[in-house]
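Here is a quick walk through a protein fold, sheet by sheet and helix by helix. Take a look at the structure first, then read on.

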Amino acid sequence: MFENYRVFETEFAGRPLVIETGKMTQLANGACLVRYGETVVHVAVTAAPKPREGVDFFPLSVDFEEKQYAMGKIPGGFGKREGRPSEKSILISRVIDRPIRPLFPKDMRNDVSIVCTVMAYDPDCLPEIAAMVGTSIALSISDVPWNGPISAVSVGLVDGEFVINPTKAQREVSQMAVTVASTDSRIAMIEAGANIVPDDVMYNGIMAGHEANQSIIEFIKGIQAEIGREKFSYPSNEPDPEMLEAVKSFAIDDIRVALDTDDKKVRDERLKPIYDAVHEKFDEIYPDQAEKIDDCLYKTQKYIVRRWLLDEQKRVDGRKMDQMRPLASEVGVLPRVHGSGLFTRGQTQVLTITTLGSISDQQILDGIDDQTSKRYIHHYNFPSYSVGETKPSRGPGRREIGHGALAERALVPVIPSVEEFPYTIRLVSEILSSNGSTSQGSICGSTLSLMDAGVPIKAPVAGISCGLITEGERWMTMVDIQGLEDFFGDMDFKVAGTKEGITAIQMDLKISGLTPEMVKEALYKTHQARNYILDEVMLKAIPEPRPELSKYAPKMLTTVIPVDKIREVIGSGGKVIQKICAECDVKIDIEEDGHVYVTGLDIENCRRAMTIVDTIVKDPEPGAIYKGKVTRLMDFGAFVEIAPGKEGLCHISQLDVKRTEKVTDVVNVDDIIIVKVLDIDDKGRLNLSRREALIEVEGLTPENDVAPRRPSGPRSGGFHRGDRGDRGDRK
């Protein structure tokens with residue numbers, strides 16, 4: 001039945017890679033089923049037979065779909081089906097898109113759609129790697145014009161050794177996670193997260209990935225030679241050469257003058273009358289190609305900028321190749337927020353705000369991998385006013401999600417552990433104006449904001465981009481590219497890190513790939529640039545994290561209780577923990593391993609709640625001092641609850657340092673008072689004394705005493721009992 005069914009097998013980083021074609025998805029332009037270990041990804045490529053009208057770009061869409069059945073899960077929610085793509089799916093879609101897009105013909109306008117569906121998930125074999133290899137194969141064997149193939153690998157660093165496509169256990173201890181895509185001669189894409197890895201180690205890891213890709217590229221070429229289809233022809237969208245030359249000759253001098261400024265707004269204003277004049281002259285001359293006149297103007301601008309850079313070593317704004325735009329940093333910009341940082345680089349400006357929350361505020365994730373939550377979150381917003389446009393806000397798109405994730409990845413290695421800093425941390429970067437490299441600006445703004453909030457980050461992180469211009473064998477790089485250099489250049493190589501090493505890389509290309517020399521130079525220049533940003537700008541605004549949190553930030557206390565006591569603290573139906581939270585105006589989170597986190601705006605309330613928890617899990621001892629709530633009044637004294645279910649009697653003679661005639665002269669029901677445990681009888685009943693607590697804690701002098709009595713019995717600050725050295729108190 002399946003006469004075209006083919007199976008191709010090879011070994012990929014020590015595991016079997018099996019490609020099946022011809023059985024499934026026979027109506028697509030190209031398709032394959034990729035089996036890598038026990039991970040299975042289906043890839044389908046389709047292309048529209050005719051160009052899309054009215055577009056001046058190549059309409060490519062890439063979708064990476066995670067199916068919950070791939071790991072034996074039923075989706076949550078009422079509908080019980082997968083919803084919108086997760087952020088991770090969107091990020092993987094972007095990673096697949098970046099190396100394949102430059103290999104399509106630049107003048108093609110036919111819609112092309114690539115859908116990668118994860119059908120089975122093996123944690124030891126990353127589905128994104130299988131999807132990228134499958135995409136390359138599906139495009140190579142299809143009739144869609146494409147100048148591939150490519151291959152991609154993940155590179156880890158375990159015990160000082162590079163590991164290709166590391167297993168789950170290896171990824172958990174790896175010092176970096178680098179995805180490298182390659183053609184048969186060049187590096188096509190780099191996406192990296194790293195734990196402050198030195199530049200030379202990162203470079204060697206990239207080269208190791210590039211080398212590992214070559215055997216898979218040869219494998220794909222063999223498949224293409226055996227079953228690949230002839231590529232279809234398409235109508236070119238390039239403007240007529242005669243029209244391009246006519247427009248260029250007419251406008252080039254005026255455009256050259258218009259572009260020669262460091263102010264994007266001025267540049268745009270200068271270009272408007274030039275566009276109007278060109279259309280007025282050429283719309284009638286070329287009525288059938290009027291929609292391509294703007295493309296001619298774009299190509300003319302691109303020609304000018306690239307000639308300036310390659311021939312004159314001149315940048316649009318007059319800077320030298322390795323010179324950055326004017327920089328400025330500021331912290332404490334907003335009142336009442338927990339932390340804020342404003343970072344400005346030329347006409348790119350980012351305001352980042354930090355918000356601290358309890359552990360339960362962490363983000364819950366519902367993907368196919370093992371990560372179920374994260375406590376450090378970065379969101380990136382790119383409003384239309386940042387580029388002087390008027391558009392309604394429609395929520396974050398794929399670009400915003402991608403830039404936010406890049407900035408998040410850059411700071412993860414320096415975020416303190418939950419044991420060191422038991423908070424959920426959310427950062428929001430608002431792009432106030434954009435003229436290139438806002439993602440790197442948000443990294444710098446994030447560092448400023450975190451330090452302003454008092455988050456004890458391990459080291460400050462800065463980000464910078466490096467551009468590239470190529471022409472044949474000639475090439476040159478420039479640091480800190482602005483908008484025009486990004487639009488008309490060949491590369492946006494973004495690198496973030498500390499002074500010691502790299503934390504994140506993202507590389508966008510408009511050409512087929514980079515040579516090793518280009519990668520090495522980009523890494524060197526970005527390292528020098530981020531050191532300058534840190535030393536000369538950011539650390540002058542705030543040299544280290546503030547020693548205390550904002551008074552508006554929640555205060556946190558932590559402790560560890562025996563696992564078998566968790567039930568007692570929570571209580572039946574959560575009654576006990578809810579009562580503690582209500583009485584003390586705090587939030588309590590208890591982990592399965594016994595870690596307890598108490599969060600509140602008032603540190604004294606946090607301490608009282610922690611004392612109650614401590615009292616529940618440990619029996620009171622004579623001499624310990626507590627805050628308790630008066631629950632009942634009798635003629636002979638008051639009953640005080642020092643913790644849910646733990647109540648004692650404070651005899652009338654022990655209510656005050658002076659003689660008490662009536663109990664109500666001193667306390668009433670619901671009063672919160674301090675008491676000291678005098679003793680515990682053989683039935684476990686507590687005898688309490690407010691009198692002794694006042695003498696010991698507040699130094700009051702009892703009647704008939706000449707001087708205050710010395711404190712006796714164990715006590716601790718904040719009325720906690722005993723030494724709780726592992727509590728991790730923070731203000």
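In which sense do E1 and strand E2 pair, and over how many bridges? E1 and E2 (residues 15-21) run antiparallel, with seven bridges between them. Before going on, some ground rules: this is a predicted model, where local features need pLDDT of at least 70, side-chain atom pairs count only at pLDDT 80 or more, and totals for chains, interfaces and linings use all residues. Residues are numbered from 1 along each chain as its sequence is written, and side-chain values use heavy atoms, with hydrogens and water left out.

Helices (H or I, at least four residues) and strands (E, at least two) are DSSP runs, numbered from the N terminus. Two strands count as paired if DSSP finds at least two bridges between them.

E1 and E2 belong to an open sheet of six strands, ordered E1-E2-E3-E4-E6-E5, with mixed pairing. Its edges are E1 (6-12) and strand E5 (60-66), each of which pairs on one side only. From one strand to the next, the twist averages 15°.

Two helices lie across this sheet. Helix H1 (residues 87-100) covers E5 and strand E6 (110-120), at about 140° to E5. Helix H4 (residues 199-227) lies across E1 and E2, and runs at about 170° to E1. For these angles, axes are lines fitted to C-alpha atoms, for helices over the stretch in contact, and values run from 0 to 180 degrees between N-to-C directions; contact itself means heavy atoms within 4.5 Å.

**The five-stranded sheet**

Another open sheet has five strands in the order E11-E12-E13-E17-E16, again with mixed pairing. Strand E11 (327-331) and strand E16 (376-381) sit at the edges with a single partner strand each, so one side of each has no neighbour in the sheet. Ignoring direction, neighbouring strands here are turned by 15° against each other on average. Inside the order, strand E13 (residues 348-357) and strand E17 (residues 424-433) pair in the antiparallel sense over nine bridges, and Val350 stands opposite Ile431 in E17. Helix H11 (residues 516-541) packs on this sheet, touching E11 and strand E12 (339-345), and its direction makes about 35° with that of E11.

| Strand pair | Bridges | Facing residues |
|---|---|---|
| E13 and E17 | nine bridges | Val350 and Ile431 |
| E18 and E19 | six bridges | Thr470 and Trp475 |

**A hairpin and a helix pair**

Strand E18 (residues 462-471) and strand E19 (residues 474-479) form a hairpin with two residues between them, and Gly472 in the turn has a positive phi of about 65°.

Helix H6 (residues 264-282) and helix H7 (residues 293-312) pack at about 130°, with their axes 10 Å apart. Among the residues in contact are Leu271 and Phe282 of H6, and Ile293 and Gln301 of H7.

The structure holds 53 salt bridges, each being a side-chain nitrogen of Lys or Arg within 4 Å of a carboxyl oxygen of Asp or Glu.
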